Amino acid sequence: MANRLLWADDEIELLNAHIIFLKSKGYEVTTVTNGPDAIEACKNDSFDLILLDENMPGLTGLETLTIIKEMSPATPVVMVTKSEEEDIMEQAIGSKIADYLIKPVNPNQILLTLKKNIHHKEIVAEKANSAYQQNIGKLAMQIGDANTVEEWKEAYKKIVYWELKLESADEQMHEMLQSQKEDANTMFGRYVKNNYLKWMAAEREERPLMSHDIFREHIFPLVDKGEKVFFIIIDNFRYDQWRVLADEIGNDFSVEEELYTSILPTATQYARNAIFSGLMPSKIKEMFPELWIDEEEEEGKNLNEEALIATQIARYRRKDKFSYSKVLTSAQADKYLDTINSLAGNDINVLVINFIDMLSHARTESLMVRELASNEAAYRSITLSWLRHSAIKRLFRYLADNDFTVIITTDHGSIQVESPVKVIGDKNTNTNLRYKLGKALNYSSKDVFEIREPAKAFLPAPNLSTSYIFATGDKFFAYPNNYNYYVSYYKDTFQHGGISMEEMLVPIVKLRPKGR
């Protein structure tokens with residue numbers, strides 16, 4: 001169907017050649033010679049774009065623009081004017097024009113503005129489709145050849161790059177990329193199975209940066225340089241979500257980003273406690289038993305985070321003054337900002353933000369939220385909308401203005417699960433869908449990564465016969481009892497605790513104010 005244009009100009013007869021040109025390009029053009037007729041045309045018809053002369057007798061172009069925008073706020077309007085006066089341009093831009101052209105205009109200028117404002121999405125999508133098709137083989141080779149953590153990080157970054165690039169692409173491209181991502185996660189799962197226990201036995205130089213290294217390698221060195229450090233942990237935060245937030249945050253900062261490897265299980269009780277303590281989970285339990293909560297205990301598993309930070313600072317014989325806060329709601333974020341000036345004297349300020357984790361849980365439990373975040377792109381979009389409209393955006397502006405160095409990271413990511421795997425456990429088996437621990441687990445070993453000797457992975461063992469199993473790829477654990485209900489309830493939800501690129505390869509970002 002032809003795109004429909006409205007062109008309002010009191011000298012429209014002089015533009016006949018332009019109109020013939022546009023019609024030859026497949027556009028349907030309606031012409032009027034004054035503002036009232038343009039308004040009337042908008043009442044009777046809908047248009048894909050309106051070309052509006054600024055200097056018409058009677059109702060001016062700017063006055064006409066205001067009325068048209070009230071009637072059709074989403075319709076792009078291009079202002080055509082003889083004047084280059086700055087105040088005219090500012091008024092037009094303030095009235096939300098899509099573009100403006102200075103007379104005399106030529107047909108190619110008009111065609112360019114139509115492409116920018118009507119065909120932008122389809123042109124971008126077409127170019128993205130073409131570019132991805134040309135790079136499918138290259139990405140497949142990159143995934144197939146990945147044999148180190150660094151190579152897996154680069155492969156995952158490239159997958160995320162194409163996910164964002166292809167958001168407006170056709171369904172076939174999405175399916176092809178999703179297939180490549182699934183293959184990548186299958187191979188990544190094998191890679192982790194073959195190497196995780198080797199990492200646990202290796203010296204730091206022979207394994208990747210992991211959860212318990214973060215303070216020692218990313219926080220303390222900044223403090224030692226005299227920098228004021230704000231350490232923000234966004235629970236359940238994935239690399240693709242960081243990428244959609246990066247432009248929003250990066251306006252005020254210079255940005256250095258990398259990925260690090262979360263420990264297993266990729267769950268708050270283990271990974272975040274490892275970050276704050278600088279220790280692996282079994283070491284926390286051994287050295288600070290009062291600060292470790294076992295799986296079978298009903299007490300909250302992340303209630304001792306401030307105390308764990310204090311133990312790490314003390315263990316390194318440091319004297320750093322620090323604060324610890326957790327934000328769950330918008331009201332708490334506003335209250336935190338009200339008192340933020342009192343934190344300026346600290347060496348390290350730690351802030352845990354729970355919005356994304358709450359979103360993933362709400363998506364599981366609420367049909368409405370599941371509809372709003374129906375797929376990965378929608379999930380990212382909600383994350384971006386949250387940042388733009390929350391107090392956290394103001395927090396970043398404050399930190400930039402007050403010369404803080406900001407470290408943003410997470411304890412783990414999450415994956416949208418699809419494939420159920422049956423597992424049987426006793427009444428003390430934990431409820432997480434991506435990992436299980438217990439003394440009587442029954443499962444198919446080909447579907448999981450199993451750790452029969454938890455001590456080798458520095459994991460607590462409540463019983464001598466405790467073992468851990470981890471789901472890989474998009475699998476999730478389901479009990480045989482009431483199996484069909486269980487599977488239908490949790491299929492397509494975002495879960496964490498297991499092995500996937502999304503859960504284990506997570507962002508750690510350093511922000512320094514641009515004016516520094």
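**View 1. Histidine 218 and its contacts.** Histidine 218 touches Leu209, Asp213, Glu258, Ile407 and Ile508, leaving aside residues up to four places away in sequence; contact means heavy atoms within 4.5 Å. The model is predicted: local features need pLDDT of at least 70, side-chain atom pairs count only at pLDDT 80 or more, and totals for chains, interfaces and linings use all residues. Residues are numbered from 1 along each chain as its sequence is written, and side-chain values use heavy atoms, without hydrogens and water. Histidine 218 sits in helix 9 (residues 214-224). Helices (H or I, at least four residues) and strands (E, at least two) are DSSP runs, numbered from the N terminus. Histidine 218 is buried, at a relative accessible area of 15%; buried means under 20%, exposed over 50%, partly exposed in between (1.4 Å probe, protein chains only).

View 2. Two strands pair if DSSP finds at least two bridges between them.

**View 3. Strands 3 and 4.** Strand 3 (residues 49-53) and strand 4 (residues 77-81) run parallel, joined by four bridges. Leucine 51 stands opposite valine 78 in strand 4.

**View 4. The lining of the largest cavity.** Among the lining residues are Ile232, Phe237, Trp386 and Phe396. A cavity is a set of points, on a 1 Å grid over the protein atoms alone, where a 1.4 Å probe fits but cannot get out; lining residues have an atom within 4 Å of a point.

Notes. 1 Å grid on protein atoms, 1.4 Å probe; cavity = no way out; pocket = protein on both sides within 12 Å on 5 of 7 lines; lining within 4 Å.
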